Amino acid sequence: MTTITKIALGKNGPMVSKLGLGCMRMSSVWGGPVNDESESIATIRMALDSGINFLNTGDFYGSGHNELLVGKAIKGRRDDAFISVKFGGIVYGGQFLGLDLRPQSIKNFINYSLVRLGVETIDLYEPCRLDNVVPVEDVIGTVADLIKEGKVRYLGVSEINAEQLRKAHSIYPVTALEIGYSLADRQIERDLLPTAHELGIGVIAFANTAEGLLSGEMKAPLAANAYQNHFPRFQGGNLIKNLGKVEVLSIMAKEKGYTPTQLAIAWVNAQGDHIMPLVSMSRRSRLPENIQALGITFTPEEMNTLNTHFAVGSIVGGTYLQR
């Protein structure tokens, strides 16, 4: 099995595994079924045994269910896990209703998270997004206060732009940026990634397969209840065109003896030691193949083929992250 190396999360940040485990799919977030809890817990523990110490969750994943599950999985193994928690999202009935980033709310959220996780400190605490309602100074300043109180170790931010990142970092040092990044979603290469690199901020890259588009398993049309249907890139002719683009990745994967998903993860991993692929898993069977992806290398010709074929704007229908 591929050895999982450790990287510094940001210029002066903690050492974490090069591969992160996203725990969201272990809970019902967007109205889907709840995964088998025993299998989810076993997956987290197997990940820890394999050298993956970065666990990513959110206080609104399953209305707290996800944090309770992670808490059960790390019981007796707190020192083996680096826990990242997103906050601020308001979800009800499988629908994202908005944000609550008021300082008093954040101080309330953190206490619930600590209890559900069964820990005294959260390693990385991040607003899931920023809005134009609560000043950035208030949001970041509140997390900074929680760090001073010992309830949080490091500040993270998620799904923001370069200007917001600079402003947040000027208020309190940002350790990590969590953002969607894949061959199909490269818009952040223009401004956001260079800004994070300049400021010495680590990057946690989720959605490496662009919500299944790059997996090689997606077929058109999608099932009527598929959540991807909400996004233009997965609709009608757009999806057909985009799946055609993915054929190049599928062919390369077959030639190299891997799956398209593995190559998608490997491409993100190859973008630098400051970037961590964050892969959602809820079954132990997925761990070996995703860990193996870290050992995949590309020739200069292969990398040029992928970068050219999946240039910014090549996927029609915009990014699925657009809301």
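Let's start with helix α6, residues 192-199, whose buried residues are Leu 192, Leu 193, Thr 195 and Ala 196. Here buried means under 20% relative accessible area, exposed means over 50%, and partly exposed is in between, using a 1.4 Å probe and protein chains only. An α-helix has 3.6 residues a turn, so residues three or four places apart point the same way.

This is a predicted model, in which local features need pLDDT of at least 70 and side-chain atom pairs count only at pLDDT 80 or more, while totals for chains, interfaces and linings use all residues. Residues are numbered from 1 along each chain as its sequence is written, and side-chain values use heavy atoms, leaving out hydrogens and water.

Now turn to the other side of α6, where His 197 and Glu 198 are exposed. What covers the buried residues of α6 includes α5 (162-171), β10 (176-180), β11 (202-206) and β12 (275-280). Helices (H or I, at least four residues) and strands (E, at least two) are DSSP runs, numbered from the N terminus. After α6 comes Gly 200, with a positive phi near 75°.

Our next stop is Asp 123, found in strand β8, residues 122-127. Asp 123 counts as buried because its relative accessibility is 3%. Leaving aside neighbours within four places in sequence, Asp 123 is in contact (heavy atoms within 4.5 Å) with Arg 78, Ala 81, Phe 82, Ile 83, Arg 153 and Tyr 154.
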